[in-house]
Amino acid sequence: MLSKEIAQTIVKETSYNLNRNINIMDKKGQIIASGDPSRIDDIHEGALEVLKNSEALIITSDQKQVWRGAHPGINLPIIFQDEIVGVIGISGNPEEIRELGGIVKMITELMIKQKFIASQLEWQQRTKEMIIEELLKNSPSYSTIERGLNLINIELQSPFMTLVIQLADRTITNQVLTQKIEEILGKNNGLVGFININRMFIAFSGFTQSEADNKLNKIHQEFKKMMLKFRLAFSTPFQSMGNFSQSYIDCDLALKISDESEVFISFAELEPKALIYKIDRAWVEKFTTRIMNKTLDKYADTLETFFKNNLNIQQTADDLFIHRNTLIYRLSKIEKATGYNPKRFKDALTLQLVLWSDKKLKSEEFAN
């Protein structure tokens, strides 16, 4: 853990604050970082003595000739996980720097521990994202997934659910967002990772429906609290680990076909509409061409609001800021133009399907 990069960072921080020269030696007694660059790579015999005896060594001005490569000062063992990983030396009058020595040693060991924890978190996160990448393949390698899960001590258990969060530009780091979600999920209750710069993938594992709903709402509220611009889509529950790929496709489709203003999107609620996007284009074109006309296109927004309000005329009129009779007139025009009565459930279903089909065709034309 005591690399040259870490050692140089420690020396830079402590030398500047203490106005003292600091040397850091590795387990071979070689100086790997120093406020005096000319001393780097020299062997420090005082450090060798510390490594040998596991005790601090004070070198006075009349002793410096005894320890080759050493100056007057204090040399202390650097301990990490009950093992000496190096030696830190502070140059100066031992009487003046005796109290500083313990502080510098403590700071050094804390920095090494912090770096170790950060590297462990980074390694664990890379492993999680490797597992996620494998889960999203059409034919995942379950042995690779199992090895990865064993490394990070996580066991995925059914039922599963997939959550996808699409983020806009932000200042909050990936690590902070990942940790926030993991705190909500709880230890070993799923996987969290980024699959591209602004898209997060979360795998729920082992939650009942009520527990999953609770976690979803907490994540939604947490992201709102952080004032992030985001959209969140979640899949239906499933039992097999092999269905993660399809569940991700479902969430991706839900984000594409839902209204841009929606931020909390259930694939289950959009599934009938999603079916239109999964069937043969020729069938969609034939169906749309047969029913769609100028009148229906003109009053498409009126119909969508009518369906959204469960065929409630007064609520729809209020939402559209029009008179009730104006709405009835429009619905009558639609019936005359298409032969389908929007106020009758079966006819309303057909009209809803044709509106979705028309949007699908237009979106594909725009994309091309």
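**Questions on a predicted model**

User: How many cavities of 30 Å³ or more does the count give in this predicted model?

Analyst: The structure is a predicted model. A cavity is a set of points where a 1.4 Å probe fits but cannot get out. With a volume of 30 Å³ or more required, the count comes to one cavity.

User: How much space lies in the largest cavity?

Analyst: The count of cavities of 30 Å³ or more comes to one. The space in the largest cavity is about 50 Å³.

User: Which elements give two or more residues to the lining of the largest cavity?

Analyst: The lining includes Gly 73, Ile 74 and Asn 75, and also Gly 89, Ile 90 and Ser 91. Strand β4 covers residues 73-80 and strand β5 covers 83-91. The elements that give two or more residues to this lining are therefore β4 and β5.

User: By class, how many nonpolar, polar and charged residues does the lining of the largest cavity have?

Analyst: Among the lining residues are Pro 72, Ile 74, Arg 39 and Gly 73. Pro and Ile count as nonpolar, Arg as charged, and Gly as polar. By class, the lining has three nonpolar, seven polar and one charged residues.

User: Is Asn 138 buried or exposed?

Analyst: Asn 138 is placed in the loop between α3 (94-135) and α4 (142-151). Its relative accessibility is 70%, and the cut-off for the exposed class is over 50%. Asn 138 therefore counts as exposed.

User: How far apart in space are Asn 138 and Glu 211, C-alpha to C-alpha?

Analyst: Along the sequence, Asn 138 and Glu 211 are 73 residues apart. In space, their C-alpha to C-alpha distance is 28 Å.

User: Is Thr 178 buried or exposed?

Analyst: Thr 178 belongs to helix α5, residues 174-185. Not counting residues up to four places away in sequence, Thr 178 touches Gln 125, Val 192, Phe 194 and Met 200. Because its relative accessible area is 5%, Thr 178 is buried.

User: Which residue has its backbone oxygen 2.8 Å from a polar atom of the side chain of Thr 178?

Analyst: Helix α5 spans residues 174-185 and holds Thr 178. A polar atom of the Thr 178 side chain lies 2.8 Å from the backbone oxygen of Asn 174.

User: Which residue in β8 is the bridge partner of Val 192?

Analyst: Strand β7 (residues 190-196) is mostly covered, with five of its seven residues buried. Six bridges join β7 to β8 (residues 199-205), and the two strands run antiparallel. They form a hairpin with two residues between them. In β8, the bridge partner of Val 192 is Ile 202.

Methods:
Residues are numbered from 1 along each chain as its sequence is written. This is a predicted model: local features need pLDDT of at least 70, side-chain atom pairs count only at pLDDT 80 or more; totals for chains, interfaces and linings use all residues. Side-chain values use heavy atoms; hydrogens and water are left out. On a 1 Å grid over the protein atoms alone, a cavity is a set of points where a 1.4 Å probe fits but cannot get out, and a pocket is an open set with protein on both sides within 12 Å along at least five of seven lines; lining residues have an atom within 4 Å of a point. Grid points are joined across faces, edges and corners, and a volume is the space filled by probe spheres set on the points. Helices (H or I, at least four residues) and strands (E, at least two) are DSSP runs, numbered from the N terminus. Buried means under 20% relative accessible area, exposed over 50%, partly exposed in between (1.4 Å probe, protein chains only). A polar contact is a pair of N or O atoms within 3.5 Å; within protein, one must be able to donate a hydrogen and the other to accept it, and residues adjacent in sequence count only if both atoms are side-chain atoms. Contact means heavy atoms within 4.5 Å. Two strands pair if DSSP finds at least two bridges between them.
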